[in-house]
Amino acid sequence: MHAYVLMTNHVHLLLSADRAESAGELMKVLCQRYVQYVNRTYQRSGTLWEGRFRSCPVQEEAYLLACQRYIELNPVRAGTVAHPAEYQLNIVGLATE
């Protein structure tokens, strides 16, 4: 995993995989288990994420760095924090101070 950010309604991951289908398989298992845990722990039901999993290959090093900056700056663009280092999450994915 090169970069990630867990927002309140979505997640961004930048990772390397051995197989083309690996990222999709990872996200399926990870999201199913996480949603089940949150729903059971907080006695709720339904989804946590906005939309479905999407992925795209990154082949150029310059684009890899641009993707990493995009991910790290996501909380800043959302207006959650002024600087990426200020962003912290609790287990549910809600921003905390």
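A polar contact of 3.2 Å joins the side chains of N74 and H10, where a polar contact is a pair of N or O atoms within 3.5 Å, one able to donate a hydrogen and the other to accept it within protein, and residues adjacent in sequence count only if both atoms are side-chain atoms. The side chain of H10 also makes a polar contact with the side chain of H12, at 3.3 Å. The model is predicted, so local features need pLDDT of at least 70 and side-chain atom pairs count only at pLDDT 80 or more, while totals for chains, interfaces and linings use all residues. Residues are numbered from 1 along each chain as its sequence is written, and side-chain values use heavy atoms, with hydrogens and water left out.

**Around N74 and H12**

- N74 lies in helix α2, and H12 has its place in strand β2; helices (H or I, at least four residues) and strands (E, at least two) are DSSP runs, numbered from the N terminus.
- N74 counts as buried because its relative accessibility is 7%, buried being under 20% relative accessible area, exposed over 50% and partly exposed in between, with a 1.4 Å probe and protein chains only.
- Leaving out residues up to four places away in sequence, N74 touches V5, M7, H10 and H12, a contact meaning heavy atoms within 4.5 Å.
- With that exclusion of residues up to four places away in sequence, H12 touches A3, Y4, V5, Y70, I71 and N74.

**Overall build**

- The chain holds two helices and four strands, and from the N terminus on its elements run β-β-α-α-β-β.
- The C-alpha trace spans about 45 × 35 × 20 Å along its principal axes, and buried residues make up 22% of the 97 residues.
- Of the contacts between residues at least 6 apart in sequence, 50% join residues at least 24 apart.

**Largest pocket**

- The largest pocket has a volume of about 1300 Å³, a volume being the space filled by probe spheres set on grid points that are joined across faces, edges and corners.
- Of the 35 residues that line this pocket, L13, M27, F53, R54 and S55 are the closest to its centre; on a 1 Å grid over the protein atoms alone, a pocket is an open set of points where a 1.4 Å probe fits, with protein on both sides within 12 Å along at least five of seven lines, and lining residues have an atom within 4 Å of a point.
- β2 (11-14), α1 (22-41) and α2 (61-77) each supply at least two residues of the lining, and α1 gives the most, with seven residues.

**Loop between α1 and α2**

- Q43 is found in the loop between α1 and α2, where it is exposed with a relative accessible area of 76%.
- The phi of Q43 is near 45 degrees, a positive value in a residue other than glycine, whereas most residues other than glycine have a negative phi.
- T47 is found in the loop between α1 and α2 and is exposed, with a relative accessible area of 62%.
- T47 and E72 are 25 residues apart in sequence and 24 Å apart in space, C-alpha to C-alpha.

**Confidence**

- The mean pLDDT of the chain is 85, with 91% of its residues reaching 70 or more; pLDDT is the predictor's confidence in each residue, from 0 to 100.
- Among the elements, strand β4 (residues 95-96) has the lowest mean pLDDT (42), and α2 has the highest (94).
- Over residues 90-97 the pLDDT is below 50, and this stretch has 22 contacts in the model beyond near neighbours in sequence.
- Where pLDDT is low, the predicted coordinates should not be read in detail.
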